[in-house]
Amino acid sequence: MTSRTHSASPYMQFAKLHSAATYNLASSGILPCSISDLPVKLEDLDMNGPTLYGYAPLKERIAKWNGVTPEHVVCATGTSMANHLAFAATLEPGDEALVERPTYELLVTTLQYLGVNVRYFDRRMESDFRVDPEQVARQMTPQTRMIVLTNLHNPTGALIDNSTLRAVGEIARKNSALVLVDEVYLESLYEQRPQPAIHLGDHFLVTSSLTKAYGLSGLRCGWVLAAPELVERMYRINDLYGVYAATTADMLSVIALDHVDRFAARAKQLLDANRPVLEAFLSSRDDIACVRPEFGTIAFPKLLRRSVHDLDRLLRDTYDASIVPGHYFYMPQHFRIGIGGDPTMTEIAFQRLARALDEMR
Ligand SMILES: Cc1ncc(COP(=O)(O)O)c(C=O)c1O
């Protein structure tokens, strides 16, 4: 019997066990809402509902939110399970996936867990971390079955425009491959959010959730948007994992989507307060370089001298503050910071980051 060699995520262990700090710049999402932020009474909820292959009212809301029909929607436990289902339904062991680098580690470890061989194409800081379709084309092989992108890009926050997505789609189509776009951070464009990439054709799959942009991670409301025959396959695979989500959580997610504007307004307030603090911090430093993202909740500065490992240790040990070291994204000289937290906390966190950097000079 062969054994699975890739069955853990070092990043997820870091995120769950080691990223907490009073002054937290490690979190990539908006400050979590509490249940009292949802306009709901206990008697509005139930534990049981018509959930076979997706809770129908939730599928309808997600479909409407994304401008597709419910036949294109797989309800999933966060973008995490959405990615897992999308990969498992479309790729076989021994297939190859072409993944952007730097990237969100779970994309890579999930593919490897499924026996898929991972190749990379680079998104370079010198080109503002844009996707270069020529680079993508160069890295394709006859075995490449999927190109994997994040939009906004985790860790840099860079936006991929539609013409680039189309160009990548053409490269995939010529190879009979698919494009998966993880759009969990695209939600943080709020009313400026472009149409999901599924609208560019059936060779695109989109994954997303309410977890990052609205402070609603606890609901685990995620989805895949895909062609209906793939949707069917994903629901059959989901039967082998968690069967379906807790109905009560699905009902709360319906209420959240019916009131999504209020969560967007709350999130924008936080980002509007924190982005100038990030900008001022970046402008004040000559020991880091950063492509400044226009949108979203994250940025990925490069430490020009000294090691990110030492910075991480110093912040943790002396300043009760946290960042995400760049090695988790395959770019060790960088670190990721998040600006979706409480504004007072965020301001102090940046002061502490500045003090730690000064101490390292
Ligand atoms: C690109 C990307 N996809 C998926 C996830 C996981 O999202 P969720 O909490 O919706 O499972 C994250 C979390 O950091 C992420 O950065």
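Which residues of α6 are buried? In this predicted model, the buried residues of this helix are T164, L165, V168, G169, I171 and A172. Because the arc they cover around the axis is only 160 degrees, they lie on the same side of α6. An α-helix has 3.6 residues a turn, so residues three or four places apart point the same way. On the other side of α6, the exposed residues are S163, R166 and K174. The buried residues pack against α5 (133-139), β7 (144-150), β8 (178-182) and β9. Helix α6 itself comprises 13 residues (162-174) and reaches 18 Å from its first C-alpha to its last, close to the 18 Å expected at 1.5 Å a residue. Just after α6, a positive phi of about 55 degrees is found at S176.

Helix α7 (residues 228-238) has L230, V231, M234, Y235, I237 and N238 as its buried residues. These residues are on the same side of α7, because they cover an arc of only 160 degrees around the axis. The elements against which the buried residues of α7 pack are β3 (54-55), α2 (56-66), β4 (73-77), α3, β9 (204-209) and β10 (221-225).

The buried set consists of G78, T79, M81, A82, N83, H84, L85, A86, F87, A89 and T90. From its first C-alpha to its last, α3 (residues 78-90) reaches 19 Å, close to the 18 Å expected at 1.5 Å a residue.

The largest pocket has a volume of about 870 Å³. Its lining is formed by 37 residues, of which S27, S28, G29, K212 and S217 are the closest to the pocket centre. Two or more lining residues are given by each of α1 (10-17), α3 and β16 (335-338), and the largest share, five residues, comes from α1. By residue class, the lining of the largest pocket divides into 15 nonpolar, 17 polar and five charged residues.

Leaving aside residues up to four places away in sequence, L315 touches D320, A321, I323, R352, L353 and A356. The C-alpha atoms of L315 and R355 are separated by 9.2 Å, although the two residues are 40 residues apart along the chain.

Notes:
Residues are numbered from 1 along each chain as its sequence is written. This is a predicted model: local features need pLDDT of at least 70, side-chain atom pairs count only at pLDDT 80 or more; totals for chains, interfaces and linings use all residues. Side-chain values use heavy atoms; hydrogens and water are left out. Helices (H or I, at least four residues) and strands (E, at least two) are DSSP runs, numbered from the N terminus. The expected span of a helix is 1.5 Å times one less than its number of residues. Buried means under 20% relative accessible area, exposed over 50%, partly exposed in between (1.4 Å probe, protein chains only). On a 1 Å grid over the protein atoms alone, a cavity is a set of points where a 1.4 Å probe fits but cannot get out, and a pocket is an open set with protein on both sides within 12 Å along at least five of seven lines; lining residues have an atom within 4 Å of a point. Grid points are joined across faces, edges and corners, and a volume is the space filled by probe spheres set on the points. Ala, Val, Leu, Ile, Met, Phe, Trp, Tyr, Cys and Pro count as nonpolar, Asp, Glu, Lys and Arg as charged, and the others, Gly among them, as polar. Contact means heavy atoms within 4.5 Å. The arc is that of the directions from the helix axis to the C-beta atoms.
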